[in-house]
Amino acid sequence: MEMRKNKIKGPRKIFGYHMIMDCYECDRNALDSVEVCYKYLDKITEVMKVHQQSPPFVVYTDPVKYPDKAGISGWIPIVESGVSIHTLTPAAFASIDVYSCKKYNVEKVRECTRNIFKPAEIEEKHFLRGEKYIHPTKEESLKIMQNWKK
């Protein structure tokens, strides 16, 4: 409600770029490794030239309790948004979401993914996010952040 009352005057531009990769017939050893998935999330931020907000968060799914979901789930928050990965070791499959409000080189992201997980095939989808987003200027942002909780 507050935003409607005080219209933002900044430029209208795309908010973000979202790349989804479904990776088939991957290297099962890489998919099943917490260390490899951690390093992937760490490396992908370098490739994208974005800013990490924390180290990657990576967990292993219990293969005895959930045999059809055995694998890794991980996420790294970045100032510009985030990257997540979900692997399914039995299916040799990885599902990866790369989302950033800063434009990044999709070919380099794809190449990094290929080098680490060695998929036989990558199915990709690309989305523009926030197509009606009005980007506040730094001055507008500072004023809003200083006043909105008063």
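**Helix faces and ring pairs**

User: Which residues are buried in α3?

Analyst: In this predicted model, the buried ones in α3 are C37, Y40, L41, I44, T45, V47 and M48.

User: Where do they sit around the axis of α3?

Analyst: On the same side of α3, because they cover an arc of only 160° around its axis. As background, an α-helix has 3.6 residues a turn, so residues three or four places apart point the same way.

User: And how many residues does α3 have?

Analyst: α3 has 15 residues. From first C-alpha to last it reaches 21 Å, close to the 21 Å you'd expect at 1.5 Å a residue.

User: What goes on at the start of α3?

Analyst: S33 has a side-chain oxygen that reaches to within 3.3 Å of the backbone nitrogen of E35. Just after α3, K49 takes a positive phi of about 60°.

User: How far is K102 from L88?

Analyst: In sequence, 14 residues; in space, 29 Å from C-alpha to C-alpha.

User: OK, on to α4. What are its buried residues?

Analyst: V109, C112, T113 and F117. Looking down the axis of α4, they fall within an arc of 100°, so they line one face of the helix.

User: What covers them?

Analyst: The cover includes β1, α2 (28-31), α3 (34-48), β4 (81-88) and β5.

User: How does the span of α4 work out?

Analyst: It agrees with expectation: twelve residues at 1.5 Å a residue should span 16 Å, and the end C-alpha atoms are 16 Å apart.

User: What caps the N-terminal end of α4?

Analyst: N105 does, with a side-chain oxygen 3.0 Å from the backbone nitrogen of E107. Just after α4, K118 takes a positive phi of about 50°.

User: Changing topic: how many aromatic pairs are there in the whole structure?

Analyst: Three. One of them is F15 with Y133: the ring centres are 4.7 Å apart and the planes sit at 70°, so the pair is edge-to-face.

User: Where are F15 and Y133 in the chain?

Analyst: F15 is in the loop between α1 (2-5) and β1 (16-24), and Y133 is in the loop between β6 (121-129) and α5 (138-147). The pair links distant parts of the chain, 118 residues apart. F15 is partly exposed at 28% relative accessibility, and Y133 is partly exposed at 27%.

User: What about Y24 and F93?

Analyst: Their ring centres are 5.3 Å apart and their planes are at 55°, so this pair is tilted. Y24 lies in strand β1 and F93 in strand β5, so the pair ties together parts that are 69 residues apart in sequence.

User: Is F93 buried or exposed?

Analyst: F93 counts as buried, at 18% relative accessibility. Y24, at 29%, counts as partly exposed.

User: Last one: which residue lies over the face of Y99?

Analyst: R129 does, at 4.5 Å from the ring centre.

Terms used:
Residues numbered from 1 in each chain as written. Predicted model: local features only at pLDDT ≥ 70, side-chain atom pairs only at ≥ 80, totals over all residues. Heavy atoms only, no water. Phe/Tyr/Trp six-rings, centres within 6.5 Å; stacked < 30°, edge-to-face > 60°. Helix = DSSP H or I, 4+ residues; strand = E, 2+ residues; numbered from the N terminus. Buried < 20%, exposed > 50% of the residue type's maximum accessible area, 1.4 Å probe, protein only. Lys NZ or Arg CZ within 6 Å of the ring centre and 35° of its normal. Expected span 1.5 Å × (residues − 1). Arc of directions from axis to C-beta. Contact = heavy atoms within 4.5 Å. Polar contact = N/O pair within 3.5 Å; in protein donor to acceptor, adjacent residues only side chain to side chain.
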